[in-house]
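Good morning, and thank you for joining. I would ask you to keep the structure in view while I go through it.

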Amino acid sequence: MKRGFFLWVRLWIIAGLFILWGSIAFAEEEYKFDISEIEKKPYHIGGYAEFRPVIFWLDSNASLYKLRFYKRDEGNTIEEHSGKLQLEGSYEKGIARLFVRADLDLKYSYLGWDHNESKRMIHEGYLSIKPSDSLSFKFGKQTLLWGKGYAFNPVAFVSRPKDPDDPELSLEGFVAASADYIKSFNGPLKTFSITPVVFPVYKRLNDDFGTVNRLNFAGKLYFLLYDTDIDLIGLTGGSKTNRFGIDFSRNITSNFEIHGEFAFINHQTKKVIDKQGKITESKFDAKSYLLGLRYLTPWDTTFIFEYYRNGTGFTHLEMKDYFTFIDKGYDLFLARGNDSLLKKATSVTQGNYGRPNPMRDYLYLRVSQKEPFNILYFTPAITTIMNLNDRSFQISPELLYTGFTNWELRLKGTALVGGKETEFGEKQNDYRVELRVRYYFDAVKAFDWLKGKIAQNNR
Amino acid sequence: MKKILICLVALLVAVPVHAIEGAQLLKQIDRNLNPESYEMYRKLINVEPDGRKKEYTLFSVKKGVDKVAALFLTPASEKGRSTLRLGDNMWLYIPNVGKPVRITSLQSVVGGVFNNADILQLDYAAEYDVEKVEEAGKEYLLHLKAKTKTVAYDKIKLWADKDKKLPTKIECRTEAGMLIKTLYFKEVKDFGGGIVRPSVIETDSPLYKGYKSIFIFANIKQRDFKDEVFTLTFMPNIESLR
């Protein structure tokens with residue numbers, strides 16, 4: 001606890017230093033509209049650097065704590081210090097543009113130093129060709145994030161799962177070839193666009209997507225019809241079972257938006273472990289859907305509310321069996337030092353019980369207040385994700401400040417609340433506090449500024 | 001009898017403000033501000049009471065009465081963000097998030113006094129009906145009323161220079177008449193191509209006491225675009241129009 005307190009103090013000192021630095025930097029600035037600021041260059045290099053210390057308060061009675069820490073004692077709290085460098089660069093010539101976004105993650109935790117695998121560092125890397133404003137092609141690693149939901153996207157068939165705890169984080173893409181054809185009209189149908197995607201899954205090429213040695217085809221038809229966005233989405237080809245979906249989004253008034261998604265997944269496979277450790281697989285047709293709204297009050301409070309039905313998820317009973325099996329494995333380990341059951345439980349956790357939103361019914365609510373007390377660029381928010389099947393939930397208050405140009409400071413706490421054999425109650429930690437400090441940069445502008453300063457000094 | 005006739009003639013002379021087609025005048029003000037289809041660059045500066053400033057640079061394109069898009073060029077934290085408006089529909093694209101999301105016109109993408117509707121301003125005549133035109137010295141005072149509930153400000157009072165037919169001041173109000181913000185149009189400048197208009201708009205708001213926001217305009221040019229540019233699918237490509 002004491003260790004946690006000191007880290008907390010350190011987090012605040014770091015935040016304070018950034019704010020002080022920002023204030024000094026700004027006090028010296030003056031504004032002008034220099035035409036060089038709008039000059040277009042064919043290349044761009046930029047991105048952000050991030051520092052993110054986190055403290056976790058562990059729950060030693062939780063099943064997932066037992067699964068992860070059965071061989072070690074890390075005390076009541078663990079710390080994690082992560083650094084991230086997101087670099088992006090592009091080069092444009094004529095109708096062609098080359099774009100790369102790389103993500104370098106470095107983490108120091110109770111397990112020592114760690115970094116992301118080199119093959120996962122490139123989040124996006126593609127060549128795009130745009131013969132006209134109506135037609136474009138993209139070849140290479142790309143993120144195709146489909147769906148209208150904020151925290152959940154059941155129709156995002158060709159992207160990696162979003163983290164509902166931080167839905168705005170960039171996601172790693174898959175290697176694919178895609179095209180966009182757009183047509184505008186006058187009348188109730190204002191826009192139509194079609195996005196066909198060819199999606200190969202072979203050894204060392206998208207092999208974490210599904211069954212290998214398959215060429216998959218996905219597609220999206222978009223309509224702006226009667227001021228409503230509508231997408232029809234599909235995926236076929238064999239790496240995953242066939243799936244189809246529809247989504248919509250519409251503004252009801254200038255401060256009220258509604259959206260929804262529906263996905264039908266053919267022959268979904270579910271791997272379930274019972275209390276005794278027997279693993280069974282079942283196949284069924286799953287239906288997932290989402291309904292949501294975004295509402296802005298006259299006093300600038302934004303509500304984002306979503307109900308998510310995960311048709312591929314586990315029932316409360318199936319989840320209880322999984323937790324019971326872990327507890328049984330832990331008891332066996334304590335009694336005889338035998339971790340075979342825990343290893344078996346670990347094998348069904350990854351990408352299955354351990355994936356985000358593993359159960360059936362969820363509510364998501366985020367309430368954010370823009371600039372309270374006239375503090376410009378300050379946005380406090382509170383977010384909750386509730387599992388309706390077992391009544392467990394997590395609640396995360398946060399403070400975001402973006403007042404210093406290119407700096408973003410976010411302090412976020414999370415409490416996980418739930419009883420025995422519930423999703424959030426059995427997570428390895430009870431609380432989490434993190435500070436995220438980001439600095440965005442434009443390397444080309446920085447270089448130009450430096451060049452200008454040198455030239456000025458030489459004069 | 002003679003006096004009555006003189007009074008009637010005087011009354012007829014006094015009405016011409018009403019006789020001036022209010023809608024026509026508003027359209028003329030719109031056209032004097034911008035060509036119907038254009039590209040332009042803007043710098044937005046938010047100034048805090050202690051003098052601290054935060055600046056944003058935007059590239060904007062517009063076509064017809066209801067299509068407008070804006071792309072953030074600086075600062076680095078906002079670079080690549082784009083906003084699109086197609087009539088009452090409004091979307092925001094954030095490169096990291098990777099997909100456009102619908103937003104509401106009253107939200108603010110940048111914080112401060114300006115909201116999305118200010119950044120993606122359509123022609124006033126497209127969104128407002130002229131209720132009344134008054135003469136106020138060397139200026140016209142136009143009382144505007146929103147055509148639909150989806151417009152950001154229900155009522156607008158617009159002061160326009162009689163000779164130049166350009167706005168000098170605009171008050172944005174709620175349905176109940178509460179003042180939300182005031183825009184001051186300053187420094188009329190020749191941008192070339194026959195475009196002569198204020199190059200600076202200053203804004204303050206009783207809701208943000210002591211704060212102000214400033215728009216500085218540059219490189220306004222008439223330019224035609226295909227309708228397909230103003231679509232949700234095109235949003236990640238707006239940079240290619242520069």
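**Chain B, the interface and the cores**

In chain B, among contacts between residues at least 6 apart in sequence, 43% join residues at least 24 apart; two residues are in contact if their C-beta atoms, placed from the backbone, lie within 7 Å. Please note that this is a predicted model, in which local features need pLDDT of at least 70, side-chain atom pairs count only at pLDDT 80 or more, and totals for chains, interfaces and linings use all residues. Residues are numbered from 1 along each chain as its sequence is written, while chains are lettered from A and ligands numbered from 1 in the order in which they are written.

The secondary structure of chain B comprises five helices and 13 strands; helices (H or I, at least four residues) and strands (E, at least two) are DSSP runs, numbered from the N terminus. The C-alpha trace of chain B spans about 80 × 45 × 35 Å along its principal axes. Of its 242 residues, 43% count as buried, that is, with 20 or more other C-beta atoms within 10 Å of their own, whereas 12 or fewer means exposed and anything in between partly exposed, with C-beta atoms placed from the backbone.

Is B:D224 buried or exposed? B:D224 is exposed, because 10 other C-beta atoms lie within 10 Å. This residue belongs to the segment after strand 13 (208-222) of chain B. Its C-alpha atom and that of B:E131, 93 residues apart along the chain, are separated by 32 Å.

I turn to the interface. Here 47 residues of chain A are in contact with 52 residues of chain B. On the side of chain A that touches chain B, strand 7 (174-184), strand 8 (189-201), strand 11 (243-253) and strand 19 (429-442) of chain A each supply at least two residues. Strand 7 of chain A gives the largest share, four residues.

Finally, the cores. A nonpolar core is a set of buried Ala, Val, Leu, Ile, Met, Phe, Trp, Tyr and Cys residues joined through C-beta atoms within 7 Å. The largest has 63 residues, of which B:L58 and B:L142 touch the most other members. Strand 3 (residues 67-74) of chain B contributes the largest share of this core, six residues. Not counting residues up to four places away in sequence, B:L58 touches B:R42, B:L44, B:A70, B:L71, B:F72 and B:L73. Another core, of 17 residues, lies apart from the largest one and includes A:L144, A:A156, A:V158 and A:A286.
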